[in-house]
Amino acid sequence: MPQITLRSALVVALVSLSACGLFYTEIDSHPCPPPGTPLRYSSFGAPFMNGYCQSCHGSQAVDRQGAPGEFIFDTLEQIQRHRARIFVRSAANNSSMPPGPDDPPADQRQKLADWLACGAPN
Ligand code: HEC
């Protein structure tokens with residue numbers, strides 16, 4: 001069945017492309033705005049992570065729903081360490097996290113992108 005073969009090839013190609021990151025914005029392609037960011041951990045980073053991520057990723061999460069144990073975002077240091085992965089999953093136009101329906105609005109994802117790109121300042 002040549003049609004099925006073609007379709008399978010396309011699916012494989014698409015999956016490989018997205019695995020290569022072509023459909024994502026990486027942290028390196030989103031520069032920190034020249035004057036820096038007014039966003040801080042206390043004013044933005046902590047409330048964002050607590051509001052949208054920690055129900056699954058927090059060390060005290062009641063039901064992690066499969067969130068990997070090494071991806072805990074309780075502290076600024078943990079967020080800074082994982083900031084490239086957090087960016088690729090949640091910042092700018094990246095929206096694969098959170099997986100559920102309670103997505104942050106686009107302007108919040110843009111703020112997350114700036115804050116992470118500037119090094120997630122305290
Ligand atoms: C409803 C539960 C849930 C919420 C809420 C959630 N996650 Fe996740 N997260 C998961 C699960 C399950 C995985 C493992 C599967 C996967 O990688 O898609 C994961 C994996 C990850 C990973 C590691 C995989 C990788 O690509 O490196 C990162 C980083 C991540 N999430 C970031 C976030 C951020 C940032 C938020 C908040 C904006 C968030 N998640 C909200 C469930 C959740």
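Reading from the N terminus, the elements of this protein chain go α-α-α-α-α-α. That makes six helices and zero strands. Helices here are DSSP runs of H or I with at least four residues, strands are runs of E with at least two, and both are numbered from the N terminus.

Two quick notes before we go on. This is a predicted model, where local features need pLDDT of at least 70 and side-chain atom pairs count only at pLDDT 80 or more, while totals for chains, interfaces and linings use all residues. Residues are numbered from 1 along each chain as its sequence is written, and side-chain values use heavy atoms, with hydrogens and water left out.

Now the ligand. Where does the ligand sit? It sits in the largest pocket. A pocket is defined on a 1 Å grid over the protein atoms alone: an open set of points where a 1.4 Å probe fits, with protein on both sides within 12 Å along at least five of seven lines. To sit in one, a molecule needs more than half of its atoms within 2 Å of the grid points.

How many residues surround the ligand? The number is 20, and the closest are Cys53, Cys56, His57, Arg89 and Met97.

Helix α5 gives the largest share, four residues. By type, the shell has 13 nonpolar, five polar and two charged residues. Nonpolar covers Ala, Val, Leu, Ile, Met, Phe, Trp, Tyr, Cys and Pro; charged covers Asp, Glu, Lys and Arg; the others, Gly among them, are polar.

Next, polar contacts, meaning pairs of N or O atoms within 3.5 Å. The side chain of His57 has an N or O atom 2.7 Å from a nitrogen atom of the ligand. Arg89 places a polar side-chain atom 2.7 Å from a ligand oxygen. For Arg85, an N or O atom of the side chain is 2.8 Å from an oxygen atom of the ligand.

On to the aromatic rings. The structure holds four aromatic pairs. Rings of Phe, Tyr and Trp (its six-membered ring) pair if their centres lie within 6.5 Å; under 30 degrees between planes is stacked, over 60 is edge-to-face, and the rest are tilted.

Tyr41 and Trp115 are stacked, at 6.4 Å centre to centre and 15 degrees between the planes. Tyr41 is in helix α2 and Trp115 in helix α6 (residues 106-117), so this pair ties together parts 74 residues apart in sequence. Both residues are buried. Buried means under 20% relative accessible area, exposed means over 50%, and partly exposed is in between (1.4 Å probe, protein chains only).

Phe44 and Phe48 have ring centres 5.5 Å apart and planes at 35 degrees, so that pair is tilted. Both lie in helix α2, four residues apart, about one turn of the helix. Phe44 is buried at 5%, and Phe48 is buried at 3%. Tyr41, Phe44, Phe48, Tyr52 and Trp115 form one aromatic cluster.

Last, the backbone. The Met97 to Pro98 peptide bond is cis, with omega near -5 degrees. Pro98 is in the loop between α5 and α6. Ala92 is in that loop too. It has a positive phi of about 55 degrees, although it is not a glycine.

Notes: A residue is near a molecule or strand if one of its heavy atoms lies within 4 Å of it. A polar contact is a pair of N or O atoms within 3.5 Å; within protein, one must be able to donate a hydrogen and the other to accept it, and residues adjacent in sequence count only if both atoms are side-chain atoms. On a 1 Å grid over the protein atoms alone, a cavity is a set of points where a 1.4 Å probe fits but cannot get out, and a pocket is an open set with protein on both sides within 12 Å along at least five of seven lines; lining residues have an atom within 4 Å of a point.
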